[in-house]
Amino acid sequence: MYDICTIGHITLDKVVTTKSVKHMPGGTSFYFSKAIQQFDINYVLITALAQSEMNVVTGLRTDGIEIHSLPSEHSVYFENIYSENQDYREQNVLQKAAPFDVSVMPAIDAKIYHLGPLLSDDISVDLIKSLASKGLVSLDIQGFLRYVENKKVFYTDWADKKEALPYVSILKANEHEMEVVTGRKDVQEGARALADMGVQEVIITLGSKGSLIFKDGLFHEIPAFKPTAIIDATGCGDTYMAGYLSKKINGGDIEESGEYGAAMATLKIGSSGPFSGDASSVEQVLTNGIAERFNVLQFGL
């Protein structure tokens, strides 16, 4: 029995910022796996990519990450373009990989299945239902809202949301994705709407404004921590979820798990590539952030 099993494609990423152009592996499965490898979690990744990119899988296995790699003619190829405002990006897709369905899944049992679709047809509804019968399903919804036209990525509502969301225990979306799915601009209204569709635990990430978590009729506001530098936001949401789920699986409550995820995302945004910190660096961000909030509240600093 694994603590967490992530299902999603490893991608080829071209990341363009105002400071640099870099080529690197990416995707929810990659950034989540790299972030969680530093922690005491019984973890496995299920991915699919072309033989030409198997060196990425080899590298992850060398890092100690257990992986089931499914065959695919192509790997997903994304181009992410950021302006000065790191909360937003433009995306292009040059290749797609084979989808995930019940018939291709290895026999793996986990307490939490974290799904990271990158495009709308990556993961079937039947697979979501199957996984929900074995454990909790955690979903980063962004991929289900993406469609590609002339290689550019656009967003539209998820056609299967009413059928699939009752099987999702934990859902993560950003403000824009929440609005696409629910039609609500207000974050609390959007979170309630997602819960009304069947989701037990709704996480809305708000970039530099922190995050909002809604469960059992209660809202939890999770502040963002101040980064030492803003270099590259790619993978920050995946890093947040790695922190959130790892803390949750070890008994953390909503606010503890949210703050842990936020601290990891703060460390991630300060460098290019995946999260490279460890538990001590996360605890340092948490300690400094709590002390700073205390000073603001007590002394108006």
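**A tour of strands, hairpins and one buried threonine**

Start by selecting Val 15 and Lys 22. Lys 22, in strand 3, is the bridge partner of Val 15. Before moving on, note that this is a predicted model: local features need pLDDT of at least 70, side-chain atom pairs count only at pLDDT 80 or more, while totals for chains, interfaces and linings use all residues. Residues are numbered from 1 along each chain as its sequence is written, and side-chain values use heavy atoms, with hydrogens and water left out.

**Stop 1**

Select residues 11–16 and 21–26. These are strand 2 and strand 3, which run antiparallel and are joined by six bridges. Strands (E, at least two residues) and helices (H or I, at least four) are DSSP runs, numbered from the N terminus. Two strands pair if DSSP finds at least two bridges between them. Strand 2 and strand 3 make a hairpin, with four residues between them.

Click Thr 11: its bridge partner in strand 6 is Val 76.

**Stop 2**

Nine of them form an open sheet with mixed pairing, in the order 5-4-1-8-9-12-13-14-15. Which strands stand at the edges? They are strand 5 (66–71) and strand 15 (218–222); each has a single partner strand, so one side of each lacks a neighbour in the sheet. From one strand to the next, the twist averages 15°.

Strand 4 (residues 43–49) pairs with strand 5 in the parallel sense, over six bridges. Within that pair, Leu 45 has Ile 67 as its bridge partner. Next, select residues 54–62. This is helix 2, which lies across strand 4 and strand 5 and runs at about 165° to strand 5. Such angles run from 0 to 180 degrees between N-to-C directions, and axes are lines fitted to C-alpha atoms, for helices over the stretch in contact. Then select helix 8 (residues 254–269), which packs on the sheet and touches strand 13 (201–205), strand 14 (211–215) and strand 15. The direction of helix 8 makes about 30° with that of strand 15.

**Stop 3**

Strand 13 and strand 14 run antiparallel, joined by five bridges. Thr 205 stands opposite Ser 211. Their hairpin has five residues between the strands, and Gly 207 there takes a positive phi near 60°.

Carry on to strand 15. Strand 14 and strand 15 also run antiparallel, with five bridges. Lys 215 stands opposite Leu 218. This hairpin has two residues between its strands; Asp 216 takes a positive phi near 55°.

Is strand 14 largely enclosed or open? Four of its five residues are buried, so strand 14 is largely enclosed by the rest of the structure. Buried means under 20% relative accessible area, exposed over 50%, and partly exposed in between (1.4 Å probe, protein chains only).

**Stop 4: Thr 234**

Select Thr 234, in the loop between strand 15 and helix 7 (236–249). Thr 234 is buried, with a relative accessible area of 2%. What is Thr 234 in contact with, leaving aside its neighbours within four places in sequence? The list is Asp 13, Val 15, Tyr 31, Asn 80, Tyr 82, Arg 89 and Lys 268. Contact means heavy atoms within 4.5 Å.
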